[in-house]
Amino acid sequence: MIVAVSPPDKSNGITVRMLRIPRLISHPGYPPSRREWLRLSTAALSPLLLHAGKGVTARPERFTSASASLPGLGRAKSVVIIFTSGGQSQLDTWDPKPQAPEQVRGAFRTIATTVPGIRLCEHLPRLARLAHRYLIVRTMSHDDLDHGSACYLALTGQFHPRKSSNPPPRPDDYPALGAVLTRLRPHPQLPYTALHINGPLLAPREPAPGQFAGFLGQAYQPPELGNPLEENRFLPVLRLSPDITPQRLAQRCELLRRLDPQQAAHPLTQQALELLRSPQVATAMDLRREPLSLRERYGLYRSGQACLLARRLVEIGVPWITVFFNHNIRGQDAHPNVTDEYGWDTHNDIFEALRDHLLPRFDLSVSTFLEDLQQRGLLDTTLVVIMGEFGRAPLVAKESRFAGSTPGRKHWAACYSVVLAGAGIAAGGADGVSDRHAAYPTTPPVSPADLVATLFHALGIPPHTHYTDPVGRSFPITTGQPVLRWFR
């Protein structure tokens, strides 16, 4: 409630008018954003308040006593995104419809989980036994229907100017979320605030937009660790030779600064030096330090070892980790016998691809990751998000434009599922309801921007926070609102 003073009248000289404006604050408990200050000004705020609102940039550390009590706020020390690139079918994983006609429900049966009333695809038995540890969100929705631009939306929280297309990355793209976090709140001890594993993501054959720093520049680019099976490729260069003492390294840096000051000041040079000075990062990347039995539990393949590497990075405190569970959205066309190349873009042969290649590895690796975090006491402070760019269509049909001999499912963004665990998430159920074909939400949908707002909220960063680019332009971290009901 705001009190405004109206012009004096003849009866009492002054009138006090009470303005009730509860709908103008879009994020109750948080300080109003700049946009909200301007909206408030139209409701008869004083010129002084209006002037004070101009040019204000919210900072992530600014909270009110009310915002400090919001569910889930600041519960996460790390966010791990397991990105199922290509479009994971909600009908054949998290939101099966066993009562639907066969051409909708597909070829798979469903199984019970540890949560009454929640059923999953029969090929996710390990994850079914862990259903009490995660929340299924069944009403994600947007309207971008191609991989490149939809991956951009998922990984940046912003729509691409060329919606439903496969555009190349551009230097004026919005930055990946890890790059935004690096700009907002760089880690005080580690050389990197955000890291990407098992990429770059190809959509379909070239790197997808949205996984880079965009207009923030290379200094904020989350390093791509690549294929974790090739760890011997990069581990030797992460360690100094025994004869290179810290003093000799400092001398060499000074020599480089004198001979080539531009190269010495380059962001990539600075990142490399910081990495050499941070042995805990190199140690975390050395998967050989793990018992072979645990490596086998994760799976001795790209996506399994990527999840194990993510757990090791969580242990040393890396705040943002993106695991591309599949580095291809659809590599099976060129390599049908190489499971590591498979993506979730299953236009044809969907049930063979899911049964024989995608679901067994996904079930083993992700369940082991969740169990490992829980056993090490890390799940309470780690927000795990399993997500892709969209889902699959509620109709099984063969498409002549794609390889394969049996039917599959087309792209579908109107309704799909994501899964969240850890960091105060209200685990053990499903949020939202889709219709009888998992085609459209029957309860209010959740946008990718709302999901982004929720992730930053879990890290303790309010949704109206802004960041600036190298030339001082201000950008909001999201246009969405955190979904507070997802937290206990």
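Colleague: Which residues is leucine 294 in contact with, leaving aside its neighbours within four places in sequence?

Modeller: Leaving those neighbours aside, leucine 294 is in contact with Leu308, Arg311, Asp372 and Arg376, where contact means heavy atoms within 4.5 Å. Keep in mind that this is a predicted model, in which local features need pLDDT of at least 70 and side-chain atom pairs count only at pLDDT 80 or more, while totals for chains, interfaces and linings use all residues. Residues are numbered from 1 along each chain as its sequence is written, and side-chain values use heavy atoms, with hydrogens and water left out.

Colleague: How far apart are leucine 294 and aspartate 372 in sequence and in space?

Modeller: They are 78 residues apart in sequence and 9.3 Å apart in space, taken from C-alpha to C-alpha.

Colleague: And is leucine 294 buried or exposed?

Modeller: Leucine 294, which is found in helix H12 (residues 292–298), counts as buried because its relative accessibility is 9%; buried means under 20% relative accessible area, exposed over 50%, and partly exposed in between, with a 1.4 Å probe and protein chains only. Helices (H or I, at least four residues) and strands (E, at least two) are DSSP runs, numbered from the N terminus.

Colleague: Where is the kink in helix H14?

Modeller: In H14 (residues 350–375) a kink of about 45° lies at leucine 358, shortly before proline 360, the bend at a residue being the angle between axes fitted to the seven residues ending there and the seven starting there. H14 is followed by glycine 377, whose phi is positive, near 70°.

Colleague: Switching to strands, how many residues of S9 are buried?

Modeller: Six of the six residues in S9 (residues 382–387) are buried, with Thr382, Val384 and Ile386 pointing one way and Leu383, Val385 and Met387 the other way.

Colleague: Which way do S3 and S9 run?

Modeller: Strand S3 (residues 78–83) and S9 run parallel and are joined by six bridges, and isoleucine 82 stands opposite isoleucine 386 in S9. S9 also pairs with strand S12 (residues 416–421), in the antiparallel sense and over three bridges, where two strands pair if DSSP finds at least two bridges between them. Within S12, alanine 421 is the bridge partner of valine 384.

Colleague: Last one: where is serine 165, and which residues does it touch?

Modeller: Serine 165 is in the loop between helix H5 (147–156) and helix H6 (177–184), and, not counting residues up to four places away in sequence, serine 165 touches Asp146, Gly148 and Ser149. Serine 165 counts as buried because its relative accessibility is 11%.
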